[in-house]
There are 2 protein chains.
Amino acid sequence: MEHQMLDYYAKDLIKKAGIKIRHSFSSELAIESKSDANDLVTNIDKEIEQYFIHHIRKDYPGHLILGEEGFGDNISALDGYVWMLDPIDGTMNFIHQQRNFAISLGIYKDGVGVLGYIYDVIHNELYSAQKGHGAYLNDEPIPVLESTTISEAIIGLSPNWIIPNRRIDNEGLIKLVQDVRGIRSYGSAALELAYVATGRIDAYISLRLSPWDIAGGVVIAQEVGAVATNLNGQPLKFLEQDTFLVARKSIHETLLSNYISLK
Amino acid sequence: MEHQMLDYYAKDLIKKAGIKIRHSFSSELAIESKSDANDLVTNIDKEIEQYFIHHIRKDYPGHLILGEEGFGDNISALDGYVWMLDPIDGTMNFIHQQRNFAISLGIYKDGVGVLGYIYDVIHNELYSAQKGHGAYLNDEPIPVLESTTISEAIIGLSPNWIIPNRRIDNEGLIKLVQDVRGIRSYGSAALELAYVATGRIDAYISLRLSPWDIAGGVVIAQEVGAVATNLNGQPLKFLEQDTFLVARKSIHETLLSNYISLK
């Protein structure tokens, strides 16, 4: 496996970052707002990103880093190796719940995801994949996803998109709520991707995600047969914010064509 | 503590039921629908309820049992001791996810909740309370809830009530989605009550719950200062389905008066 050593290295870094995060619960959180009052960031988000960057720059000096907190590189193309990192995906959960957040990391080579990781720190569950070699939850292989139908599906979807909003026709999503078996909203894109990969939910829809939110999870989800695109059905570019849909293959096209209508 | 021995007994029964549920994952689930296609029940729901009833009838023959699966007693008044049991709260999660469900149990004496339990089987987290003696998560006391504001609150709320429906004016709930920090939907009333009691979410709203869904959680939530009523602001009766709101005291009244308008 071409990236075996890099996989060992990344997993070790992630586990050590997880220990740092767990230790942080005994100290005081410093919470700031970013673009709006609910786009929160803490000192821990920043420290964990800097921890990754410090080690990656030392041990893989040719690699670039795209990190949520902005301490990485300015990247305009995905040549070579790029690490896409969200040190704490689900910061609101991290602050309010001290659970239901994850470290999200994807390592891309010339724009192709070769390694993906989602680490549910509190439950010590590491979802991982090497492209072409299957996905794992800790040491257990994650089975390839079977097909399902819309009426049996559980969908991850934030109520912010179900109410009138400027990004998507919410009537289509109201119909979706009516047609599916259930809707869940967990507040972490990375964990919802992990849930899709393990078949706990059948799709996850978002109107605005950044590359670091999804880079790791997409590698994992694709290894078990899920399909990930933007909400126009186009391939993901991983260079800017975009809409997002990941779903079991059997319902991906139906979700796009029957329920999604962007403004 | 008046109910100490009953508390030991109930906890032991719950833990043993949890072991049975965990063992069930290696055997085949038989899934049936009840009132509609998405009101699911499995052989495990039924077996666990019968397990409780068998032991309670043997060891506490004077006590009555109100159970979701209907193997208990027909109850028209809450005189004496009544056990209100949902053997698996969040059956859809149980089936699809093998997690995010709970055993929910409240023991009421002459209509007053004296003991409450929510057992997150998979994470081995037992939330419990004896009325007047505080609430616990496993062996750790759960702190009394501090105050919060609507704009900082995370609310547990199913999207089924945010879309047009026949029970509540959804415009009020759309405004709520806009005003709060975040909405979560986990698919288990008992776990959402446990989340309110531990401050991970700040309120939980439902338009239709049965006594066994909330009986245990209400005892726990009240011990840490949360307020639980129906959506008319009236005390809960625990004899029939009703609407439901549990919230930190500081936002309970505002939620009712500014956002809730029943049809």
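1. A salt bridge is counted here when a side-chain nitrogen of Lys or Arg lies within 4 Å of a carboxyl oxygen of Asp or Glu. In this predicted model, the side chains of B:Glu125 and A:Arg99 meet that rule, with 2.8 Å from N to O, and two salt bridges are found across the interface of chain B and chain A.

2. Between chain B and chain A there are also 16 residue pairs in polar contact, counted where both residues have pLDDT 80 or more. On the side of chain B that touches chain A, the elements giving two or more residues are α3, β7, α4 and β11 of chain B, and α3(B) gives the most, with four residues. That side has 16 nonpolar, 13 polar and seven charged residues.

3. In extent, 36 residues of chain B are in contact with 36 residues of chain A, and the two chains bury about 3,000 Å² between them, 51% of it on carbon and sulfur atoms. Within chain B, the residues that lose the most area to chain A are B:His96, B:Arg99 and B:Arg181, which together make up 21% of what that side buries.

4. Turning to chain A, five strands form an open sheet of mixed pairing, in the order β11-β10-β12-β14-β13. Because β11 and β13 of chain A stand at the edges with a single partner strand each, one side of each is left without a neighbour in the sheet.

5. Strands β10 and β12 of chain A run parallel and are joined by three bridges, with A:Ile155 standing opposite A:Ala203 in β12(A). Helix α7 of chain A packs on the sheet, touching β10, β12, β13 and β14 of chain A, and its direction makes about 140° with that of β14(A).

Note on methods
Residues are numbered from 1 along each chain as its sequence is written. Chains are lettered from A and ligands numbered from 1 in the order in which they are written. This is a predicted model: local features need pLDDT of at least 70, side-chain atom pairs count only at pLDDT 80 or more; totals for chains, interfaces and linings use all residues. Side-chain values use heavy atoms; hydrogens and water are left out. Two strands pair if DSSP finds at least two bridges between them. Contact means heavy atoms within 4.5 Å. Axes are lines fitted to C-alpha atoms, for helices over the stretch in contact, and angles run from 0 to 180 degrees between N-to-C directions. Buried area is the accessible area (1.4 Å probe) that two parts lose on being put together, summed over both. A polar contact is a pair of N or O atoms within 3.5 Å; within protein, one must be able to donate a hydrogen and the other to accept it, and residues adjacent in sequence count only if both atoms are side-chain atoms. Ala, Val, Leu, Ile, Met, Phe, Trp, Tyr, Cys and Pro count as nonpolar, Asp, Glu, Lys and Arg as charged, and the others, Gly among them, as polar.
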